[in-house]
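Dear colleague,

I am passing on the structure we discussed, and below it you will find my notes. Please read them with the coordinates open.

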Amino acid sequence: MSQLSSLSFTSSTESSLLVRDVAGSYRPAEPAEVLQAALRVLAGQLRGTEMLSSPQAVRDFLRIKLGTLEHEVFAVIHLDAQHRVIEYVEMFRGTVTQTSVYPREVVKEAMAHNTAAIVLIHNHPSGVAEPSRADEHLTQTLKGALSLVDVRVIDHLIVAGPTILSFAERGLI
């Protein structure tokens, strides 16, 4: 991918998106550039928003960010005391079937962001959103560890392609 001075999109006569390169010339956008721009827009909508009042923005962001990965990723969304988004952080990367998650590191990250509440997230590259026993155990372990430093676990979301499963909606939190 070439370096872009700015990613400005315009409609052309063929209804494709154009980007301006460093030299100022327009060219058709690559699919990855379109996705990167969409992620920036969704992340901008997410940051500082009230988490619980914009669940669709969160789901859209996560579908694009994690829904098509071929390896597992464990991430968190840090929230302030009013449940506004502080930061989305991808903490651990794994293989096609598992990721090692270290509660100590999750607690350290929460403390570094002055987090009041947190949403846990990971993806299932298999496309099956059902939580495993290990997923349920990890959620309870992290909930216990984070409660020691007064950080509430609001939800744990599993992203499996277009499907997103919520532990809170299932009564698993």
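Predicted model: local features only at pLDDT ≥ 70, side-chain atom pairs only at ≥ 80, totals over all residues.

Residues are numbered from 1 along each chain as its sequence is written, and side-chain values use heavy atoms, with hydrogens and water left out.

Taking a salt bridge as a side-chain nitrogen of Lys or Arg within 4 Å of a carboxyl oxygen of Asp or Glu, the count comes to 5. One of them joins Arg59 to Glu169, with the closest N and O atoms 3.1 Å apart. Arg59 lies in helix H2 (residues 55–66) and Glu169 in helix H5 (residues 167–170), so this pair ties together parts that are 110 residues apart in sequence; helices here are DSSP runs of H or I with at least four residues, strands are runs of E with at least two, and both are numbered from the N terminus. Arg59 is buried at 16% relative accessibility, whereas Glu169 is exposed at 63% (buried means under 20% relative accessible area, exposed over 50%, partly exposed in between, with a 1.4 Å probe and protein chains only).

Another salt bridge links Asp80 and Arg84 at 2.9 Å, N to O; Asp80 is buried at 15% and Arg84 partly exposed at 33%.

Strands E7 (residues 152–160) and E8 (residues 163–166) run antiparallel and are joined by 4 bridges, where pairing requires that DSSP find at least two bridges between two strands. Val159 stands opposite Ile164 in E8, and the hairpin has 2 residues between its strands, with Gly161 in the turn showing a positive phi of about 65 degrees.

Best regards
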